[in-house]
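Have it open beside you as you read.

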Amino acid sequence: RVREIPLGYADAKSDADALWTQYHAAEEFNLLLGNGRDLVTINADLQYRIGDIHAWIFGCQNPEQALEALSYRVLMKATVDRNLDEVLSQDISTFSAHIHSQIQEQTDAQGLGIEVVAFNLRGLHPPVAVAQDYQAVVAAQLDRTTYIINAQAYRQSALPMAKAMALE
């Protein structure tokens with residue numbers, strides 16, 4: 001039987017929009033990032049199967065809580081040395097595969113007797129309270145880049161014309 005542990009949230013809303021500015025669950029937890037100023041919200045599901053029932057029952061007093069704690073430790077280790085821009089711009093499939101393998105490695109080291117079936121990343125975004133401000137900052141950065149590119153294009157077209165007029 002495949003079991004599931006929610007990571008980063010509790011009581012998911014079934015009708016939630018996939019927008020950064022709206023809560024996706026009754027409770028969403030934030031992880032502190034490397035610079036100590038940024039927070040990120042990660043909504044994920046860890047699916048696992050008990051492979052060794054003896055290790056699961058006798059290897060740990062509360063194996064499900066141990067698995068959840070190991071999973072959060074792996075998530076924090078994967079995000080602790082990054083800022084919000086780096087976390088949000090990384091390749092999600094590579095990030096998910098890395099987390100999946102690290103959780104499996106940690107549970108094997110602890111002897112929990114489980115097989116991690118999947119680590120499904122449902123959402124990775126700034127906390128809802130600052131999401132609109134973050135989107136405004138990203139939009140301003142994109143506008144800045146657009147203005148720079150437009151200025152360079154204007155220079156590339158205007159400079160030859162000015163040289164031609166000067167020669168004339």
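1. Starting at the N terminus, the elements follow the order β-β-β-β-β-α-α-α-α-β-α. That gives five helices and six strands in the chain. Keep in mind throughout that this is a predicted model.

2. On burial overall: the chain has 168 residues, and 33% of them are buried.

3. Which side chains meet in a salt bridge? Those of arginine 49 and glutamate 115 do, with 3.7 Å from N to O. For your own check, the cut-off is 4 Å between a side-chain nitrogen of Lys or Arg and a carboxyl oxygen of Asp or Glu, so a pair at 3.7 Å counts. By that rule the total is one salt bridge. Arginine 49 sits in strand β5 (residues 39-50) and glutamate 115 in strand β6 (residues 114-125), so the pair ties together parts that are 66 residues apart in sequence.

4. How exposed are the two partners? Arginine 49 is partly exposed, at a relative accessible area of 32%. Glutamate 115 is partly exposed as well, at 38%. Both values fall between the 20% and 50% limits, which is why neither residue is labelled buried or exposed.

5. Now the surface. Ile53, Ile57 and Phe58 make up a nonpolar patch there, and together they have about 340 Å² of accessible area. Phenylalanine 58 belongs to helix α1, which covers residues 53-58. Is phenylalanine 58 buried or exposed? Its relative accessible area is 61%, and the limit for exposed is over 50%, so phenylalanine 58 counts as exposed.

6. The largest pocket is worth a look too, with a volume of about 230 Å³. It is lined by 13 residues, and the closest to its centre are Val74, Lys77, Ala78, His98 and Gln102. Two elements give two or more residues to this lining: α2 (63-79) and α4 (92-110). The largest share, five residues, comes from α4.

7. What is the lining of the largest pocket made of? By residue class, it divides into three nonpolar, five polar and five charged.

8. The C-alpha atoms of serine 71 and threonine 107 are 9.0 Å apart, although 36 residues separate the two along the chain.

9. The other one, serine 101, is part of helix α4. Serine 101 is partly exposed, with a relative accessible area of 36%. From serine 101 to alanine 118 the distance is 9.5 Å, C-alpha to C-alpha, and the two are 17 residues apart in sequence.

Terms used: Residues numbered from 1 in each chain as written. Predicted model: local features only at pLDDT ≥ 70, side-chain atom pairs only at ≥ 80, totals over all residues. Heavy atoms only, no water. Patch = residues over 30% accessible without salt bridge, like charges linked within 9 Å, V, L, I, M, F, W, Y side chains within 5 Å. Areas by Shrake-Rupley, 256 points an atom, 1.4 Å probe, with all protein chains shown as cover. Helix = DSSP H or I, 4+ residues; strand = E, 2+ residues; numbered from the N terminus. Buried < 20%, exposed > 50% of the residue type's maximum accessible area, 1.4 Å probe, protein only. 1 Å grid on protein atoms, 1.4 Å probe; cavity = no way out; pocket = protein on both sides within 12 Å on 5 of 7 lines; lining within 4 Å. Points joined across faces, edges and corners; volume = space filled by probe spheres on them. Nonpolar A, V, L, I, M, F, W, Y, C, P; charged D, E, K, R; others polar.
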